[in-house]
Amino acid sequence: MKSLSQSQMKRLTAVHGWSGMLLGLLLYAVVITGTVVVFAEEIAVWSVGGNRATAPLTSELDSKVHAAAESVTKGYREAIDVWSNARGEVLIFAHAHARNPDTGQMDDIGPLIRVDAESGEVLSRNDGFVWQRADWYDPSALRHFLVDLHVQLSVPEPWGLILTGILGLAMMAAGVTGFIMHRHLLRDLFVAERPGKRLVSARDRHVLAASWGLPFAFLLGFTGAFFSFAGTVALPLLATIAFGGDQEALVETLYEPAVQTDPRPQPLANLDAMIAESTGRAGAAPIFVSIGNFGRADSRVSIWHEPPAGSLYYVHNLFDGTGRFLEKRPAIGNEPSTASFVYSLMGPLHFGNFAGILSKSVWVGLGAAMCFVILSGMQLWTRRREEERLWRGFARAVSVVGYGLPLAMLASAYAFFLSLPSADPFWWTPAGFLIAAALAIVFGCAVQDERRLTLGFRRSLAVGCLALPLLRMAAGGTSWAEALGHGLGTVLAIDLVLALLGAALLLWRVQESPRARNAAFRPLSEAAE
Amino acid sequence: MPVRLQRMRALVLAHPIATRWLLAGPGALLAAVLFMASVPVWLPGGSAGIDNIVYPVILAPLFWAIAFIYTCLEENLPRGAAVVSAAILLQGLMVAAALVGGGA
């Protein structure tokens with residue numbers, strides 16, 4: 001790195017340190033929840049007892065969609081979206097657009113019909129502004145809560161998204177300042193930490209983890225900021241500049257194929273045939289179907305597929321109402337472009353789902369490393385200032401949040417399963433989180449000895465992880481025998497991960513804190529470097 | 001140097017910490033937002049008609065990072081203030097022209 005002047009280094013150190021301190025706890029919350037929800041789909045399947053349906057969107061969808069379309073008023077056939085939930089049930093949402101009185105924004109409104117994938121039996125029907133009612137479309141309140149916590153820290157829109165967007169920028173800034181400050185980046189990637197529990201050893205660990213995770217930190221901060229700001233700030237602003245404030249026109253330009261209006265009645269061709277052809281072309285399973293102008297001559301059917309093996313990108317095939325294949329659509333816009341290519345990278349790079357379980361697992365590992373970097377950075381800062389009462393208090397807050405947040409997330413899972421039989425899991429899951437968070441804070445305030453505090457948190461986490469699979473089964477979830485018999489690998493895998501985590505936490509020895517050791521031996525004060 | 005500019009330079013040098021906070025905080029943020037808003041004015045839509053929408057949305061966080069790091073590292077504070085102010089002014093004028101003209 002080009003050498004910086006003393007004043008530049010001092011400024012960067014201040015920016016790196018203070019941004020980390022002021023935003024570190026919130027950033028930790030975003031990163032640890034993000035680490036967990038890399039496996040959001042798997043958590044949803046696990047929490048609802050497994051998905052027994054094989055390819056719900058390929059088994060006689062045509063009859064189900066036609067039956068649903070006949071049961072709704074004509075105005076709601078403007079768009080019919082079809083997808084499957086974590087239980088493998090088919091969801092059919094026939095909708096129009098109207099201004100939502102609660103938000104003041106244009107929103108989708110219509111009946112959401114939940115159908116059994118095999119029998120076609122209608123399981124439920126709910127009418128209204130569907131996206132405001134997660135309990136209508138998401139069987140897993142746990143997945144919904146954890147994702148919401150990550151995306152917007154459970155703060156109402158748009159402020160939660162703006163907050164997480166700012167945290168994404170902070171992560172980028174911390175990564176870049178850390179990189180510029182780092183005099184020996186390449187060397188430090190391969191040099192082990194200095195032994196012992198001195199401040200320099202702690203710094204070595206922070207630097208080592210941060211160095212290896214640097215590209216990941218920048219990438220996730222950047223893509224996270226993009227996702228947070230795109231809908232809240234960017235697109236409304238660009239709609240004003242480029243489309244005179246018409247957000248619908250902007251969305252149509254970006255996402256909807258150009259169609260000449262033709263309202264003449266025309267029955268929709270067989271949807272199953274279209275899906276089969278689309279699947280053959282894409283080389284991957286369908287995940288979402290959208291029918292525009294059902295029953296009209298200008299009808300269009302969009303079918304989205306998982307990324308095929310070896311590809312990063314979802315496949316979007318377009319058919320007309322007669323079943324004729326029209327084109328493979330780019331991720332954005334009406335024809336392939338570099339902009340569409342770059343846009344389509346943002347999702348896979350942020351979610352880590354470009355190579356299935358393998359890439360997701362790497363993303364989880366890197367996310368956990370980032371959590372360590374954030375916490376260790378704050379601990380370094382407070383250790384250097386441990387003579388001041390304020391920073392000793394903040395160090396305690398770091399410990400409480402560091403352990404308390406995963407404990408509260410675990411508690412939300414407990415609240416979810418306990419509320420399943422007769423209460424509202426969408427209320428109790430976040431309530432469980434808040435109750436556990438409050439208890440963690442009380443515990444952190446009540447217990448003065450750091451070693452006892454750490455031990456208490458780790459044991460609670462360990463017991464929580466070990467007992468959760470048992471509670472899941474006791475609450476009516478799939479047993480291990482059933483999971484094995486039906487090939488429900490996700491259920492078994494997550495139970496196993498919880499068991500291993502619990503065991504690891506029980507075995508993790510608590511080291512005596514440096515401050516306690518210092519108090520006992522009164523060593524000379526040491527420089528950080 | 002004109003008197004007004006000399007006074008502004010003196011003001012910046014008299015309050016270096018506040019100036020740097022302003023530049024790195026609201027300054028970099030405003031520059032990034034105006035960058036995003038001004039790109040549709042000058043960037044063509046491209047073959048798919050979307051370049052002027054997609055690129056500013058994707059690049060805005062990067063532009064912010066560049067502006068932020070620049071304002072942290074720039075040793076010559078009056079120059080840093082001039083660069084950021086010029087970026088804000090130029091991009092702001094483009095946005096204003098687009099709004100007055102009824103959109104890009």
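Biologist: How many bridges join strand β3 of chain A to β4(A)?

Modeller: This is a predicted model, and what follows is computed from it. Strand β3 covers residues 106–115 of chain A and runs antiparallel to β4(A). The number of bridges joining β3(A) to β4(A) is 6.

Biologist: What is the strand order of the open sheet in chain A?

Modeller: The open sheet has 8 strands with antiparallel pairing. Its edge strands, each pairing on one side only, are β4 (122–128) and β8 (325–329) of chain A. From one strand to the next, the twist averages 20°. The order is β4-β3-β2-β1-β5-β6-β7-β8.

Biologist: Which residue in β2(A) stands opposite W83(A)?

Modeller: β1(A) and β2(A) pair in the antiparallel sense, with 6 bridges. They form a hairpin with 5 residues between the strands, and G88(A) in that turn has a positive phi of about 85°. The residue opposite W83(A) is L91(A).

Biologist: Which residue in β5(A) is the bridge partner of V82(A)?

Modeller: β1(A) also runs antiparallel to β5(A), and 4 bridges join the two. The bridge partner of V82(A) in β5(A) is V289(A).

Biologist: Which residues form the covered face of β1(A)?

Modeller: In a regular strand, side chains alternate between the two sheet faces. In β1(A), the uncovered face holds A79(A), D81(A) and W83(A). The covered face consists of I80(A), V82(A) and S84(A).

Biologist: At about what angle does helix α3 of chain A run to β2(A)?

Modeller: Helix α3 of chain A spans residues 61–70. This helix lies across β1 (79–84), β2 (90–99) and β3 of chain A. Its angle to β2(A) is about 35°.

Biologist: And what angle does the direction of helix α10 of chain A make with that of β6(A)?

Modeller: Helix α10 of chain A, residues 271–282, packs on the sheet. The strands touched by α10(A) are β5 (286–292), β6 (300–305), β7 (315–320) and β8 of chain A. With the direction of β6(A), the angle is about 45°.

Biologist: Are helices α12(A) and α13(A) roughly parallel or antiparallel?

Modeller: Helix α12 (residues 356–384) and helix α13 (residues 389–419) of chain A pack at an angle of about 160°, with axes 9 Å apart. Angles over 145 degrees count as roughly antiparallel. The two helices are therefore roughly antiparallel.

Biologist: How many residues of the contact of α12(A) with α13(A) are nonpolar?

Modeller: α12(A) contributes L375(A), M378(A), Q379(A) and T382(A), while α13(A) contributes W391(A), F394(A), A395(A), V398(A) and G402(A). Of these residues, 3 are polar and none is charged. The nonpolar count is 6.

Biologist: How many of the 8 residues of helix α2 of chain A are buried?

Modeller: Helix α2(A) covers residues 40–47 and is mostly covered. Its buried residues, including I43(A), V45(A) and W46(A), pack against α1 (6–37), α5 (141–152), α13 and α17 (489–507) of chain A. Just after the helix, G49(A) takes a positive phi of about 95°. The number buried is 7.

Biologist: Which helix gives the most to the side of chain B that touches chain A?

Modeller: The contact takes 31 residues from chain B and 33 residues from chain A. On the chain B side, α2 (16–42), α3 (51–73) and α4 (77–100) each supply at least two residues. That side divides into 23 nonpolar, 6 polar and 2 charged residues. With 17 residues, the helix that gives the most is α3(B).

Biologist: What percentage of the residues in chain B is buried?

Modeller: Chain B has 4 helices and 0 strands. Its C-alpha atoms fill a box of roughly 50 × 25 × 20 Å along the principal axes. Of the 104 residues in chain B, the buried share is 39%.

Biologist: Is L22(B) buried or partly exposed?

Modeller: L22(B) lies in helix α2 of chain B. A residue needs 20 or more C-beta neighbours within 10 Å to be buried, and 12 or fewer to be exposed. Because L22(B) has 16 C-beta neighbours inside 10 Å, L22(B) counts as partly exposed.

Terms used:
Residues are numbered from 1 along each chain as its sequence is written. Chains are lettered from A and ligands numbered from 1 in the order in which they are written. This is a predicted model: local features need pLDDT of at least 70, side-chain atom pairs count only at pLDDT 80 or more; totals for chains, interfaces and linings use all residues. Axes are lines fitted to C-alpha atoms, for helices over the stretch in contact, and angles run from 0 to 180 degrees between N-to-C directions. Angles under 35 degrees count as roughly parallel, over 145 as roughly antiparallel, 65 to 115 as roughly perpendicular and the rest as oblique. Two residues are in contact if their C-beta atoms, placed from the backbone, lie within 7 Å. Ala, Val, Leu, Ile, Met, Phe, Trp, Tyr, Cys and Pro count as nonpolar, Asp, Glu, Lys and Arg as charged, and the others, Gly among them, as polar. Two strands pair if DSSP finds at least two bridges between them.
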